[in-house]
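Biologist: I would like to learn how to read a few features of a model. Please take them one at a time.

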Amino acid sequence: MSIDVNPQENSRCGYVAIVGRPNVGKSTLLNHILGQKISITSKKPQTTRHQILGIKTEGDYQAIYVDTPGLHQLDKKALNRVLNKASSSAIKDADVIVFVVDRKRWTEEDDYVLSKIAKVNRPRILVINKVDKLENKDDLLPFIDKVQKMCEFQHIIPLSALRGLNIDRLEAVINEMLPQGIHFFPEDQITDRSERFMAVEIIREKVMRQLGNEVPYEIAVEIEQFKREGALLRISALILVEREGQKKIVIGQKGERIKRIGSDARKDMEKLFESKVMLETWVKVKSGWSDNERALQSLGYDDR
């Protein structure tokens, strides 16, 4: 006699918020977990400006990772306020919270993030990133003791997001902390974001990497055309800056910088979209967009 077993009876599924101050490696961690780049990275703080879902399904487990903008104390501009609101919302809605910090370096912004997650009654994991750069791992012990006294964590995991060190341990811990329930997404889906959104993020990453510290963070990207023509994907994009001087810097001498940005972005797009890409980019001055709530909404910035 055979007994029918519901395959969903043992399944687990939940949202995992990856939080921390800017530039601690949250996006790098998510990309390594997924084995695919869906969240852009650079050495600049505030590279991540949106909540981005990264979905990983393994057998009975579906972890829905939420890569959040870095929480920071200063929110003078509308853009900063939107980013903080998005991160705070992810913390409140998560089933598991992963708090990422950078080795032994603790700042006031880490205190700020800790104050946010301490108010939420959710399982918490402390991830100490970039431990591959530590000469003596025993130096972590006083740091771990200090943080544990400030807030209770169910697990503390040292790792290297860049090198992939100990990430399998983190994933195993997260899976066991997920609530029981049916999977929310198909097992082959890896993100909730559209190709159009991913194109915006790829271009913005290349801009930030090319500019170094020459231009502040008042840069956005707007897609004007995203059209498939057979095997060709035709994309037209505007790179928005706030001042005329910034426009000249983005374009570069004789247009060389904007050409490199376009070339690097096109290569990543062709790999991600598995299609031939024809990419055209322009630079446009849109004064005050980063402190204008209506402009932010038109550019896709919200508190999700």
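Biologist: At what angle do the axes of helix α1 and α5 cross?

Modeller: This is a predicted model. In it, the axes of α1 (residues 26-34) and α5 cross at roughly 80° and come within 11 Å. Angles of 65 to 115 degrees count as roughly perpendicular, so α1 is roughly perpendicular to α5. On the α1 side the contact is made by Leu-29, His-32 and Ile-33, and on the α5 side by Ile-167, Leu-170 and Glu-171.

Biologist: Where is Thr-191 found, and is Thr-191 buried or exposed?

Modeller: A residue counts as buried under 20% relative accessible area. Thr-191 has 14%, so it is buried. Its place is the loop between α5 (167-177) and α6 (195-211).

Biologist: Which residues is Thr-191 in contact with, leaving aside its neighbours within four places in sequence?

Modeller: With those neighbours left aside, Thr-191 is in contact with Ile-38, Ile-52, Leu-53 and Ile-55. For Leu-53 there is also a polar pair to read: a polar atom of the Thr-191 side chain lies 2.7 Å from the backbone oxygen of Leu-53.

Biologist: How should I read Arg-103, and which loop holds it?

Modeller: Arg-103 is in the loop between β4 (96-102) and α3 (108-118). Partly exposed is the class between buried, under 20%, and exposed, over 50%; Arg-103 is at 26% relative accessibility and therefore counts as partly exposed.

Biologist: What does Arg-103 touch, not counting residues up to four places away in sequence?

Modeller: Arg-103 touches Ile-128, Asn-129, Lys-130, Val-131, Lys-133, Leu-134 and Phe-143 on that count. Take Val-131: it is 28 residues from Arg-103 along the chain, yet their C-alpha atoms are separated by 5.8 Å.

Biologist: How many disulfides are there?

Modeller: A disulfide is a covalent bond between the sulfur atoms of two cysteines. The rule asks for a pair of cysteine sulfur atoms within 2.5 Å, and the count here comes to 0. As for accessibility, Cys-13 is buried at 4% relative accessible area, and Cys-151 is buried at 5%.

Biologist: Now the whole chain. How many helices and strands are there, and what share of the residues counts as buried?

Modeller: The protein chain has 9 helices and 9 strands, and 50% of its 304 residues count as buried. It exposes about 15200 Å², of which carbon and sulfur atoms supply 46%.

Biologist: What share of the contacts joins residues at least 24 apart?

Modeller: Among contacts between residues at least 6 apart in sequence, the share is 72%.

Notes. Residues are numbered from 1 along each chain as its sequence is written. This is a predicted model: local features need pLDDT of at least 70, side-chain atom pairs count only at pLDDT 80 or more; totals for chains, interfaces and linings use all residues. Side-chain values use heavy atoms; hydrogens and water are left out. Helices (H or I, at least four residues) and strands (E, at least two) are DSSP runs, numbered from the N terminus. Buried means under 20% relative accessible area, exposed over 50%, partly exposed in between (1.4 Å probe, protein chains only). A polar contact is a pair of N or O atoms within 3.5 Å; within protein, one must be able to donate a hydrogen and the other to accept it, and residues adjacent in sequence count only if both atoms are side-chain atoms. Contact means heavy atoms within 4.5 Å. Accessible areas come from the Shrake-Rupley method with a 1.4 Å probe; for residues, only the protein chains shown count as cover. Axes are lines fitted to C-alpha atoms, for helices over the stretch in contact, and angles run from 0 to 180 degrees between N-to-C directions. Angles under 35 degrees count as roughly parallel, over 145 as roughly antiparallel, 65 to 115 as roughly perpendicular and the rest as oblique.
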